Amino acid sequence: MNDALKDYLSVRRTVPSAQLEDPGPEVTEIESLLTIAARVPDHGKLAPWRFIVYPRHDREAGRDWLLTRATQVSEYGDSGPEAEKVRRFANAPVVIGVVSSPRDHPKIPLWEQQLSAAAVCLNLIHAAHAHGYSAQWLTDWFSYDADAATFLGAKKGERFAGFIHIGTPAIAPVERDRPDTAALTTRWRPPESS
Ligand SMILES: Cc1cc2nc3c(=O)[nH]c(=O)nc-3n(C[C@H](O)[C@H](O)[C@H](O)COP(=O)(O)O)c2cc1C
């Protein structure tokens with residue numbers, strides 16, 4: 001088993017955003033992370049996604065707007081889970097939004113373009129780990145609220161595939177239950193009637 005399999009792919013775990021601390025990636029490291037993240041399968045070479053980097057001080061500056069919006073969408077006001085997610089959004093050293101930005105194309109379906117955006121998210125997590133950091137893929141309510149998504153930079157026709165929170169883990173992650181891949185796997189045979 002090579003090192004990437006043994007030390008990373010076989011044991012990778014998310015570290016929750018609340019446990020991601022300084023230091024986080026610097027500007028040149030972020031450029032490297034994005035270059036690696038963009039190296040994904042992409043039918044038609046459309047690059048149907050883009051990145052938005054959220055520096056921490058700018059996330060803090062936007063917090064009041066998001067908290068106000070959280071109280072509008074939450075039945076619990078500013079003590080609900082929505083407001084908590086806003087506070088979490090400001091925590092990690094670096095947050096990068098991966099925006100699904102599909103093109104009109106006669107041959108490449110929307111679904112495939114969205115799948116490519118998801119591949120970017122996971123590749124960004126891999127890139128963060130390769131640079132010595134940990135990461136968490138979150139969508140949170142503001143991915144799905146049109147006003148909040150616009151506030152965070154999504155344009156017409158776009159949606160967030162995720163916000164990747166990146167930093168240095170404050171805790172060692174523990175393993176979680178993993179799916180039984182054998183139970184999820186079948187071997188296809190042609191149906192009897194065919
Ligand atoms: C598309 C997508 C969106 C997610 N959004 C959230 C979220 O909003 N809040 C949350 O607590 N976890 C969310 N998660 C799950 C976290 O990334 C979670 O920490 C992770 O799945 C843990 O599994 P791992 O250790 O195998 O990475 C999301 C996962 C995916 C794939």
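Select serine 74 first: this residue is buried, with a relative accessible area of 9% (buried means under 20%, exposed over 50% and partly exposed in between, with a 1.4 Å probe and protein chains only). The structure is a predicted model, in which local features need pLDDT of at least 70 and side-chain atom pairs count only at pLDDT 80 or more, while totals for chains, interfaces and linings use all residues. Residues are numbered from 1 along each chain as its sequence is written, and side-chain values use heavy atoms, with hydrogens and water left out.

Serine 74 sits in the loop between α4 (63-73) and α5 (81-89); helices are DSSP runs of H or I with at least four residues, strands are runs of E with at least two, and both are numbered from the N terminus. Next, display glutamate 82, whose side chain makes a polar contact of 2.7 Å with that of serine 74 (a pair of N or O atoms within 3.5 Å; within protein, one must be able to donate a hydrogen and the other to accept it, and residues adjacent in sequence count only if both atoms are side-chain atoms).

Now move to the ligand. Select arginine 12, where a side-chain N or O atom is 2.9 Å from a ligand oxygen. For aspartate 140, show the backbone: one of its N or O atoms lies 2.9 Å from an oxygen atom of the ligand. Finish with arginine 178, which places a polar side-chain atom 2.8 Å from a ligand oxygen.
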